[in-house]
Amino acid sequence: MATYNKITPEIAAQLKAVVGERRFFEGEDIDPNYSHDEMPIYGKYLPDVAVDVETTEEVSEIMKICSANKIPVTCRGAGTGLVGGCVPLAGGVVLCTRRMDKILAYDMENLVVRIQPGVLLKDLAADALDHGLMYPPDPGEKTATVGGNISTNAGGMRAVKYGVTRDYVLALTVVLADGRIIELGKSVCKTSSGYSLLHLMVGSEGTLGIITEMTMKLIPKPICDVSCLVPFRDVESCIHSVPKIKLANLDPQSIEFMDADIVTSSAAFTGNPIFPENVNNEEVGASILVTFVGNDEDELDQKMIKLGEVAEEAGALDVLVVATSANKKEAWAARSSFLTAIEADTKLIDEMDVVVPVDKIPDFLIYIRQLGEENGIRIRNFGHAGDGNLHIYCCSNDLEEEEFKKKVKVIMDAAYTKCAELEGQVSGEHSIGHAKMVYLEESVGEDVFKLMGEIKKVFDPDYILNPGKVCDSSLVS
Ligand SMILES: Cc1cc2nc3c(=O)[nH]c(=O)nc-3n(C[C@H](O)[C@H](O)[C@H](O)COP(=O)(O)OP(=O)(O)OC[C@H]3O[C@@H](n4cnc5c(N)ncnc54)[C@H](O)[C@@H]3O)c2cc1C
């Protein structure tokens, strides 16, 4: 079991000397939100000290002090994570990157941008568009930092066409546990140059190093786009349409899935029923929201005609074109607010972010619904149908927290076993944090989990970087 030293007044003074008085926080001056992320059910843990860093050199100095004194350090971006990733389980220092928010330089010849880790996703997306470019990853929470997105390998709604955050990271500056500064990757289109530590760092959740600068790939901005809502009688026919849409070579930018319950919650939350609950006198059981991008309106018209044919054959109740740009904005805003809608009318929430082969989505959803009914827990779900990534929320307004946690554990244990049976993985995009570590171990097996632990030890022999996360069971007695 890992043991750490306390931050003495002398160590505190050294840390303060690095960032200055105004960016050093202790005791009651620490923002209470630093004790949790967006999933407080996984527990609240305050750090002993918080520092707002502004440069790679400052991060390096902080790590040298913490490494010399065996003090744990947990990096925090915007704290929008959903697995307790940025929560300082062992206390120590929270190192916050929110002030490292500069977009440093565009290279228009090579279509890349160099940025600091605290740049918010929404700011990078908007700034790239102003340069005639697009940053393709599009996770739902736009106020997350891009550093956080890289550290969790965030996915989002456009992953079916463009891939995930990892696919857009070309180079990183990283501060290691002992304060050394290393450069990983280059601004090149391909590489076959030894082990890819760059790709290992992506998705490592602050357990292997602290990312202080990154070079991200961009693409030319698509010229036009169109979104269509395709309602079905039930989940099965809805999901079975997804491979057909892909096989028809329609290359959708997104295919988002929503069932009837989440549509009702969303309408109640926004007060604006964007997604229909009845179509042609039939109750809608589930829908997909599909987006295409293209170079001109003709190309999009052809895609919509083909979508109509495929959807009809798959048993869709209709294909509703989200026509005006105002409607499009509303539809995607409603889709993006599903989690917020659930949070608004729920006292206790826990979540699962499994990914299964696309054709297994109905099997998993039917199973989880049954589990919810058997255990008296309300299940809400939605997800990225195009890539099999499902967001399942266990909700309750009536149960006491301890009772809720007990029942949810029964559901989670069974659901992750089912996910493994269906050849799925524990997390599609929200990552592991500490909340899902036990399920990761079960899923990947003893040998792989042990290898992950050995890699962690090479990077961080004293386990000071984000203790207790991903594969680090050093806090477990
Ligand atoms: C409403 C809502 C919708 C969401 N939708 C999506 C979605 O569609 N897709 C998706 O993938 N996620 C989604 N998320 C989850 C969350 O936004 C992502 O996990 C995001 O990437 C976290 O970024 P952050 O800046 O908030 O990081 P934090 O929560 O602060 O940290 C997350 C992890 O990254 C580490 N970290 C942060 N910055 C660094 C750094 N510079 N160096 C090293 N480690 C670092 C932390 O230590 C921690 O382990 C959603 C969350 C909410 C609340």
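Predicted model: local features only at pLDDT ≥ 70, side-chain atom pairs only at ≥ 80, totals over all residues.
Two strands count as paired if DSSP finds at least two bridges between them. The protein has 477 residues, of which 47% count as buried, and its secondary structure comprises 15 helices and 20 strands.

**Overall form**

- A compact globule of 477 residues would have a radius of gyration near 23 Å, and the protein agrees with this because its own value is 23 Å.
- The C-alpha trace spans about 70 × 55 × 45 Å along its principal axes.
- Taking contacts between residues at least 6 apart in sequence, 74% join residues at least 24 apart.

**Domains**

- The chain is divided into domain 1 (9-99), domain 2 (103-220), domain 3 (224-339) and domain 4 (346-440).
- Between the C-alpha centres of domain 1 and domain 4 there is a distance of 31 Å.
- The contact involves 9 residues from domain 1 and 11 residues from domain 4.
- On the side of domain 1 that touches domain 4, 6 residues are nonpolar, 3 are polar and none is charged.

**Shell around the ligand**

- The ligand is surrounded by 37 residues, and the closest are G77, G81, G85, G148 and G206.
- Domain 1 (9-99) and domain 2 (103-220) each contribute at least three residues to this shell.
- At least two shell residues come from each of β3 (73-76), α4 (146-151), β10 (210-217) and α11 (338-344).
- Helix α4 gives the most, with 4 residues.
- Sorted by class, the shell around the ligand holds 20 polar, 11 nonpolar and 6 charged residues.

**Strand β13**

- Strand β16 (residues 286-294) runs antiparallel to β13 and is joined to it by 6 bridges.
- One of the positions on this pairing is D259, whose bridge partner in β16 is A286.
- Strand β19 (residues 378-384) also runs antiparallel to β13, with 3 bridges between the two.

**V284 and its surroundings**

- V284 sits in the loop between β15 (282-283) and β16.
- A residue is buried if 20 or more other C-beta atoms lie within 10 Å of its own. V284 counts as buried because it has 23 C-beta neighbours inside 10 Å.
- Leaving out residues up to four places away in sequence, V284 touches P231, A260, P276, E277, N278, V279 and L317.
- V284 and A316 are 32 residues apart in sequence, and their C-alpha atoms are 9.7 Å apart in space.

Terms used:
Residues numbered from 1 in each chain as written. Near = placed C-beta within 6 Å. Nonpolar A, V, L, I, M, F, W, Y, C, P; charged D, E, K, R; others polar. Domains from an automatic or database assignment. Contact = placed C-beta atoms within 7 Å. Rg over C-alpha atoms; globule rule 2.2 N^0.38 Å. Buried ≥ 20, exposed ≤ 12 C-beta atoms within 10 Å, placed from the backbone.
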